[in-house]
Amino acid sequence: MDIERDGAVKRKGGIEQELTQTDTVDIEYSYFIRANGSLHVQCAVHNVSRQISYRYYTLWYSGRQLAGGLGEAGYGQMDSQFSDLEVIY
C-alpha cells in the first residue's frame, strides 16, 4: 500500500507540531497500515531529560488518499499486538 505522499506529509507535520514541546529533542514514528482502511502512527517523543512519552494516532484512508485531519489520538502505546511486528521504514 502506497499512501498518497502529500497528504501523509501534511498529517506528519501536524502531528509533529502537536507533539513538540520546548524540551523535545526527537520524535520517532512507526507506521502500521491495515487492510481495514486504518493507518496507525505510533510516536515516541524524547525530551532533554531522556524521558520518552508515547502517543498514537489512528487515521483513515480510502484507496491511496487519507481522509480527515490528524485522526483519533491516544496516549500511551498502541495495543501490544503491534509491539511484536517487524517495523520496516
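Colleague: What makes β2 and β3 a pair of strands?

Modeller: Two strands pair if DSSP finds at least two bridges between them. Nine bridges join β2 (residues 38-47) to β3 (residues 52-62), so the two count as paired. They run antiparallel; C43 has R55 as its bridge partner in β3, and L39 stands opposite L59. Keep in mind that this is a predicted model, where local features need pLDDT of at least 70, side-chain atom pairs count only at pLDDT 80 or more, and totals for chains, interfaces and linings use all residues. Residues are numbered from 1 along each chain as its sequence is written, and side-chain values use heavy atoms, leaving out hydrogens and water.

Colleague: Why are those called strands?

Modeller: Because strands are DSSP runs of E with at least two residues, while helices are runs of H or I with at least four; both are numbered from the N terminus.

Colleague: How do you know that β3 and β4 pair?

Modeller: Seven antiparallel bridges link β3 and β4, so they meet the DSSP criterion too. S62 stands opposite Q65 in β4. Their hairpin has two residues between the strands, and G63 takes a positive phi near 65°.

Colleague: Which are the edge strands?

Modeller: The open sheet runs β1-β2-β3-β4, with antiparallel pairing. β1 (24-33) and β4 (65-75) each pair on one side only, which makes them the edges.
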